[in-house]
Every structure is written in structure tokens, then in C-alpha cells.
Amino acid sequence: MSNTKTLKTSAVPLHANNKALLIDIDELCVRYGNELVLDAVTFCIHRGEFIGLIGSNGAGKTTLLKTVLGLLKPTSGTISRQQATIGYVPQRGASYSGAVPISVLEVVKLGANGATGAAKAALARAGMEQYAHKRFTELSGGQQQRVSIAKALAGNADVLILDEPATGIDERSQVEFYNLLQSLQAQGVTIIMVSHEVDTVLKLVTRVICLNRSILYDGPPEHFEADKYLPKAFARQHVQLHHHHEEPHA
Amino acid sequence: MPEILQYSFMVRAIVAGLLVAITVPVLGSFLVARRYSLISDSLAHVSLAGVGAGLLLGFSPVIVAVPVTVVGALVLEWLRQSRRISGEISLAILMSSGLAVAVVLANLARGASTDFSGYLFGSIATTSTGDVLVIASTAAVVLAAVVLNYRSLLHIAFDEDSARIAGRRVTLLNYLLTGLTAAMVVLSLRIVGGLLISALLVMPVVAASQLATSFARTMVLAVVFAIVAVVGGLVIAFYAGVAAGGAIVLSALALLIAAMIWKR
């Protein structure tokens, strides 16, 4: 998965900084049948960034993540990755909820290629070591997401990709979860997070990418003009947005 | 020595039953975890078509059923992976088509109906030494494959996307698991029969899932439950004079109910 193609020179993004380039996405197009889901998406990801990816349902956010992760093939365009280990935290409830139990430690060991020591260390880093021998499904939503992060960390991920990680989690657990993400970013972990919670994203991240098939905005959160971009981002849902943090139901 | 062990056909039956009881729930743990437990039913019905073909052609039914079932399993996995037809629909189509072909072929093979019903409901008492050796070698292959690929199979069973991202050979291992299941299903035909095999694959795992907190413990406990069900079923069948396949499945059901009550 972690290919190490030679990086091309690409367009310099608005937020250009001196940090090392990790992932270069260039003119990425993804088509499902006749529908163009991603249209010429171009941006770079640098080490240590915390990127919030926002957009309506159907804007192509999950498609973009899955293409970056290598789960989907782009119709055209390229994704070049420097040597970086990517950890993926899927939407809550997407995994481990089958009819057979799996323990928290077993989940994290999947990320550590079976190494118990690394798994326990990662659980401690996520503040979840006391739950190692519980069934994964016995944990609360917030705890399950912390374990998913521990699993990614156990594989020495230096990039974390999270898809709607806080959906369906109570407010207090969300705060703890976001604190964990911020502390990981402070330790040098690069984070890309899809979220519907625009308000929260703007407070947390170092960079916002607003997507609706193509990129509408890519820059620092303090320059993001919600009134300007969100109506465009959510245009296809025909929903009147009174406040930019309201999540329209598709 | 208990009376049941004084008969060599019962000793062979117990050995064959133990081999199946150790192996089938190991595969079943992965299949139930990925909500694919109906696969054994579908494959069992396909294997019956192979049995029907064997009876018609005058070959050993099991020898014909193994390749037929493995091919059916690979087609099933290909349909699932290519997403041409949803998993449960392809299982349903394969299940009814397999049984339909089996019944027609068995009808065409005159005088084979008694043999055929042995594969439908099990006929463990007729297990030969050769059968035991074939089951033992297949069980060894299945268990070795699972031990060597345990982490990858576990990863795929619970989070296929993440397993792909981690570079696991997901497609290959999915074919491997389905192919191994097909082989064990065919070899279990004589023990519990094509119509009952999925019970041995699913019930011990579900019973163990009620009590264990980890996947590894679930797997071990499921094997213990399957052994109890097979030995208990054979003992009941021997002394009560009832069909072994049915007695084994009912023993597994009793264990499942007991586990569910215990959990409450």
C-alpha cells in the first residue's frame, strides 16, 4: 500500500508551509458509472497538519478518503505518497459489531500485526489500557473510537484518516475524543478528519478543505467564510442553512 | 470398556466426528463473525449435487462432490467480491439450485435413493477407515491454513477495508476460507448430512459467543461445544437408536439454549 513514488512538482496550496510533504493528490477524478463524484481534486498533505474535510452527504468526502487509502481506484489523476504509514478510523459501527465477540486487545493487535506489547502501549496512549480485556461492543461509542485510534497508533501510523469519527457519540465523549486528537497532533501525527460538525472542525483543525465534487475552499479555518462556502457545499441538498453547524438530513 | 466402544464402526464414527467437531467451528468462527454463516448451507446443497452426480456416474460420491463444491464456493466468492449479486441472494440461488440438481441426478441414478438419503441426513455409522483418513488429512490442512493465516483471517472477518489498507491478501484469503469451508462441508456430509451441516458450523460458535469475551476464546469454546455435541449425539444415537445427524444437531441446539440461559 505505501508506495513511494517520486513526488511531482504540484500547485502550491494556499496554506503552503515548510513542513514535509506526505501525500500529493493531483487532478483526482472518480466516476461511479455516469456520475462524476470527484472532479479534478488537487491538494497536498504536509506532516503535522490537522485537516478538516467538510461537505454535504454525497459531496465525495468518503470517496476521497477511500481513494487516498487505496480502496478505490481513481478514474484519472494521481496520488503520490511519501513513506508514511496511514491508520484508518472508519465510521463508528462499521466494524467489529458482528455476532462473534472480539476483545479490545484483539482489535488493537490487528493494527500491531499481533504484537501484544505494541498493542498495550497504544492502548495506554489512547487512555484505554484498563479496557483491554473487555468485549469491544461493550464499550461506549467514544471509547470504541479511542480504541480504533489505538489500533491505528499500534501500527505506528504517522497519518490518521478519520471518517465521521464522532457521529453518534455523546458530547462529553466527543470533547475527550477531540482532545486526544489534538494531543496526537501535538506529538507530530498528521490527521485528516471528515466531519459534519463544522463548528467543531473550525475550532480544532489547522486547515479546512470544503468539498462538493471539487474543492470549494482550502485554507486556514480563520479565513473560512461559512456564509460564502457552506451554501455552495450543501447546495445539492436544497436545505436552508440558518447556522453553519446545522447538519442537513439528506 | 463401554459398549459403544466395542464396535469398530462406532469408534470410527467417533474419531471422524471429533475431527469434524474440531475443524468445522474453527472455520465457523470466521464465517459467523463476517455474517456469512449461511454459506455452509449453500455449499452443502451444492455438494449434494456432486453426490448425485457421483451416484449417477458410478464414482465415489465424495470424490465427485469435493471438486463440484469447491468450484461452487469459488464462484460464490467471485460473485460476492465482484458485487454482481449481493451475498445473500447468491447464497439463496446456489442453495436451491444445488438441491434441485441433486434431487434430479439422484432420481436418474436408479436404486441410489438410500445412498442419497445418507448424505442428506448423515450416515456416520457407515464411515470407513478410508473416510477417516481423508477427513483427518483435510482437517490437518484446514487447521494449518488457519494457524498460518490467523491474524489476516481475523482482520478480514472484522474489518475488511482496514485489512486491505494494511496490505493483507484479502481476495486470496477470502477464496481460501471459502474453499476450505467447501472441503469440510463435503467431508462432513457423512457425519451430520447436507441438510444439517450448517448447525455444526454455526450453533457451537453462537453458543460460545454468549460466554466468551474474545475471538480466540470463542473459537476454543466453540470447539469444546462441538465435541460435546458430536460425542453426546453419537452416544444418544447409539443407545436410543435414532439418527446420529439429528442427535448431534439437537445436542448442539441444547448447548446453545443452555449458553443463552446461562448468559441471562
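Which residue is the bridge partner of Gly52(A) in E8(A)? In this predicted model, the partner of Gly52(A) is Val208(A). The surroundings of this pair are described below, followed by the second chain and the contact between the two chains.

Chain A contains an open sheet of six strands, arranged in the order E5-E6-E7-E3-E8-E9 and with mixed pairing. Its edges are formed by strand E5 (86-89) and strand E9 (214-219) of chain A, each of which pairs on one side only. From one strand to the next, the twist averages 15 degrees.

Strand E3 of chain A spans residues 50-54 and stands between E7 and E8 in the sheet order. With strand E7 (residues 190-194) of chain A, E3(A) pairs in the parallel sense over four bridges. In this pairing, Val194(A) of E7(A) is found opposite Leu53(A). Strand E8 (residues 207-212) of chain A also runs parallel to E3(A), to which four bridges join it. Besides the pair of Gly52(A) and Val208(A), Arg207(A) in E8(A) stands opposite Ile51(A).

In a regular strand, side chains alternate between the two faces of the sheet. In E3(A), Phe50(A), Gly52(A) and Ile54(A) point one way, while Ile51(A) and Leu53(A) point the other way. Residues of both sets are buried, and E3(A) is accordingly described as mostly covered, with five of its five residues buried.

Helix H1 of chain A (residues 61-68) is likewise mostly covered, seven of its eight residues being buried. The buried positions of H1(A) are Lys61(A), Thr62(A), Thr63(A), Leu64(A), Leu65(A), Thr67(A) and Val68(A). Just after H1(A) comes Gly70(A), which takes a positive phi of about 90 degrees.

For chain B, the mean pLDDT is 89, and 98% of the residues reach 70 or more. Among the elements of chain B, the lowest mean pLDDT, 76, belongs to helix H5 (residues 113-121), and the highest, 95, to helix H11 (residues 215-240). For the complex, the predictor gives an ipTM of 0.87 and a pTM of 0.83.

Between the chains, 23 residues of chain B are in contact with 22 residues of chain A. On the chain B side, at least two residues each are supplied by helix H1 (8-33), helix H7 (150-158), helix H8 (160-165), helix H10 (197-211) and H11 of chain B. This side of chain B comprises nine nonpolar, eight polar and six charged residues.

Technical notes
Residues numbered from 1 in each chain as written. Chains lettered and ligands numbered in written order. Predicted model: local features only at pLDDT ≥ 70, side-chain atom pairs only at ≥ 80, totals over all residues. Buried ≥ 20, exposed ≤ 12 C-beta atoms within 10 Å, placed from the backbone. Pairing = 2+ DSSP bridges. pLDDT = per-residue confidence, 0-100. Contact = placed C-beta atoms within 7 Å. Nonpolar A, V, L, I, M, F, W, Y, C, P; charged D, E, K, R; others polar. Axes fitted to C-alpha atoms, helices over the stretch in contact; angles between N-to-C directions.
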